[in-house]
Amino acid sequence: MDAAFVVEVWVPATRTVGTGYLVSNRLVLTAYHVVQGNPPGAPVEFRPLGWRAPSKWQEGRWLVATVHWPSGPVDLDAHPEHDAALLLVADSDWLSTPPTRVARFGVVTSSDRLPCEGLGFPLSETRPDGVRDTFRVLGEVDPLHAFKASLLSLQVTGVVVPKPRGSMSGWAGASGMAVFCGPLLVGVLATDRSVAVDARVLGVVPVARLASLAGFRDTLTSHGVDLVLEPAPAPEHEQFLAPYLNAVGQSVRRQPYLGADELRGELPALASVYVRPRMRGPLGAVDALATDDLLSRPGITAILAGPGGGKSSLLRQWTEELAARGATERTELVPVLVRASALLAPTQATVPLADALAEAVNRELSPWLSRRLPADFFRAPPRYQAHWLVLVDGLDEVVDPRSRDAVLTLLEAHDRDRYRIVVATRPATPHELRPVGSDVTVYRLLPFTPADLRDVAHGWFRALKLEQPAASAEAFLGVIRRTKILDAARNPLLAAMLCQLFATHPDQPLPYGRSDLYQQFVDVQHEQRDASGLREQTDHRFSTHGPSAVSVAHRVLDALPQLMEELAAARWADPDTHAVGFVREQPVARRPDGVTQPVWQSFLDTTLRRSGLLMAQSDDLVFLHQTFLEHLAARSHASRSSRRRHQVLKRAFHNPIRYSPRYNTPGVSRRLWGQRYWFPPDSNGSYLGFLLDTALSVPDADGGARRYLARLASPDAGLLGCVFIAEQVKSGTLVPEDIVNAAITVLINFATDETKIKSQQDLAYRRQACEALSWLGDHRGADLLYQTAVRKTWAIWGGQGHASPERTRAAEMLAELGDPRSHDLLHDLAGDDTLYAWDRIGLAQALAKTGDPRGVDQLHRFATDRSLEDDVPFSLCLRAASALAKLGDRRGVGLVRRFAADNTEAEHVRREAASVLALLGLREELSKGLPFGSDTTVES
């Protein structure tokens, strides 16, 4: 469809309006009932959407045409399939313009529904100046619906139904709209049928039927149009789409997750133990339901979370849900889950994103695809008006910065007409994301709340068939509250590990720190492997090869814990290290005499798989989670020898810097020229936590670990050093108590010194120090956050600085910490009109989620206060109404419905409102209470 050839139609004699399409330079195709009753030879006026008048004074004027076909009246009651007309252009100004491109016509040959589109001028889009604006129709033509009437049925999808005007249909004025399947014109819009309550089913006269009517083909031919009906089937590559979606569904359902290994037999679906995390986006907290909105965003979306923060599980859940929906309905997004490392070309050559996706997907889904996807499978959209949703996992696992930049550069160059991109990675600096430019929206996954943790535990205990899962969940929460791992348990991965350990050994104490948790979990995997009969199976397998072969195989089983650590260390140094190939080269795993290479290779592969820590990926085995690799690699690096431990720690922590005027790290008390200060490590904090725990477990030979930590918890490292200490404590690293106390002293001195606050950035630093104090367990952090939230202004550079963002963030942090003062604080701040309106809405939403009814009432007031709309390019009222609706409040649903149906609202606002209703499963709300016309021809 070429929008420039869409025309408005006006019949002066009958004062009716409609829509048409220029099928050639001289002919306009429209509906017959638009011109019905017009006297023979009387003018019909039209105005092409893309016409440029020869002079300025003529712009916007109507051009003249006459009805050329049919030559006589048509009885539409008897023959609704004859509802079409051809107008002959008679205007000299138009005839002097260059010839238009001749339209291509199509016929629906399949009995399946096909995607279609059209562009019309319904009266519902009439502007205040009386000019009708355009309305784009998206939907599917169904050749079997209204088959006896020789009509095609157009089922509208993905757009708001036009609002009716009195007794007239909302489609009035769109009559005569050309309906296209791809580039082919297949029919003319004629009727608004009453089979759907919301006027989403329209009647279309097929061009194939018009071709058989006397005079239609001849009229076209006499004006240079050769009526050739091309078939309009589904795109060729759609034959691969159903098998692809089936393979994706099987892949994500069968892919092992934490604890999912062959030792346990049939395991529960991930969905039965999964709790979707909350997010924080550019405009504040985003609830679990609303996170799906971000997937349709053009550009690149980054999902950030720390190790084990739920990134991979979230992407997997999205993939499973969208694949299941896409297999049964036409969705706007079709998922492509791929690891970042799989997008790297084997050579330095750069390949297009579509080719990289095809290669990666064929490799990953090979067990479930009966035939390879063609190389061009991802070069076209998956369906008409749909996009590939490329979900890239594990960007942070690409260790080499140049390779990571290559992946981001490849994604940045994507075609927005084909792709939506979501990248999951650990927290990244703007510098690390620079290859994707500024067009990236960042969302951060938030830790579990106590309620989330209870749901996770209940899900796991129910799935593991504990007798009283609810009571066990409460007992579990009571146990972790008495350990130092409570904060770490808010991490989704650690929560899952703790639940499984508690279920496996309910009478044993839970680990005291993160490294102890990982090691205990690893030990349980080895215990279960030994109890599974693997040793007896090995005896039987090698009994015919002699006692020597059995002995070597036993040595491999005994050395498996050490082999896993060495494999992790090798992978840490070189991510391309092949698991079985590496183990095969170790002295303890050398192939015994008399055993063939295939048999020994198979034994090693089986042994590694049954470790409970590895899973198959393509032609290799990878660790279940990156943090297992980090834990085992750190044990290998720090526990083998004192010298190696010292070298590894020095490489990570010895980061001195000499002071100069360019050095401006916050919190450093003395600024002396040439003085040596300390920077915290800029490498993987998760790995460093495991490294510190392992080194500190050797008190007399810790390799300098305590000395390095003491440097960071001092004024010579300032805020950044102390925040590093706090982050380690928060993640479950067992930092010595004297180091923690030293860091608290530095943070308190920094946060209470208001003479250092001279800018908004300094306020952010202060809030960061307060947050770090809370992580270290010091109640003064919460007190200072409260003071920040209630203080309205700060003296910044001699003036009174507005502190809305910092006050908002401080209040939200208090709520996240479970501080009892947060409820009243959120309520008061949400009612403070000195704060930014979007901050106030976020605060009210946070209050409502705590169960406080005052938050719901505040959201309702915001949703109806149109004064919030001043000077913003988006609807804050709609945002508040959407938040209210997502909380289950019927008033919010009604308000969102009103936004969707009100044609005085901006189009993007109406579309956003419709999206919210669809997301809530309330699409029928679009038409509730709206009057629609009867089952008649669309009134023009």
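**Notebook: barrel, helix pairs and one alanine**

I note here that the model is predicted.

**Entry 1: the barrel**

Strand 1 covers residues 6–11, and strand 4 covers residues 44–48. They pair in the antiparallel sense, over four bridges. Next I asked which sheet they belong to. Six strands form a closed barrel, in the order 1-2-3-6-5-4. The pairing is antiparallel.

**Entry 2: helix 12 and helix 13**

I moved on to helices. Two packed helices are described by the angle between their axes and the distance between the axes. Helix 12 spans residues 492–504, and helix 13 spans residues 514–531. Their axes come within 10 Å and cross at roughly 50 degrees. Helix 12 and helix 13 are therefore oblique to each other. I looked up the handedness too: helix 12 passes helix 13 in a left-handed crossing.

Which residues make the contact? From helix 12 I listed Leu-493, Leu-494, Met-497, Leu-498, Gln-500, Leu-501 and Thr-504. From helix 13 I listed Arg-514, Leu-517, Tyr-518, Gln-520, Phe-521, Val-524 and Gln-528. I sorted the contact of helix 12 with helix 13 by class: nine residues are nonpolar, four are polar and one is charged.

**Entry 3: helix 29 and helix 31**

I then took a second pair. Helix 29 runs over residues 837–849, and helix 31 over residues 876–886. Their axes lie 10 Å apart, at an angle of about 5 degrees. Angles under 35 degrees count as roughly parallel, so helix 29 is roughly parallel to helix 31.

I listed the contact residues here as well. Helix 29 brings Ala-837, Trp-838, Ile-841, Gly-842 and Gln-845. Helix 31 brings Leu-876, Arg-879, Ala-880 and Ala-883. In the contact of helix 29 with helix 31, six residues are nonpolar, two are polar and one is charged.

**Entry 4: Ala-710**

Last, I picked one residue. Where is Ala-710 found? Ala-710 sits in helix 22, which covers residues 705–712. I looked up its accessibility next. Ala-710 has 37% relative accessibility, so it counts as partly exposed. I also looked up its distance to Ile-725, 15 residues apart from Ala-710 along the chain. The C-alpha atoms of Ala-710 and Ile-725 are separated by 9.6 Å.

Definitions and conventions. Residues numbered from 1 in each chain as written. Predicted model: local features only at pLDDT ≥ 70, side-chain atom pairs only at ≥ 80, totals over all residues. Heavy atoms only, no water. Pairing = 2+ DSSP bridges. Helix = DSSP H or I, 4+ residues; strand = E, 2+ residues; numbered from the N terminus. Buried < 20%, exposed > 50% of the residue type's maximum accessible area, 1.4 Å probe, protein only. Axes fitted to C-alpha atoms, helices over the stretch in contact; angles between N-to-C directions. Parallel < 35°, antiparallel > 145°, perpendicular 65-115°, else oblique. Contact = heavy atoms within 4.5 Å. Nonpolar A, V, L, I, M, F, W, Y, C, P; charged D, E, K, R; others polar. Left-handed = near helix turned anticlockwise from the far one by under 90°.
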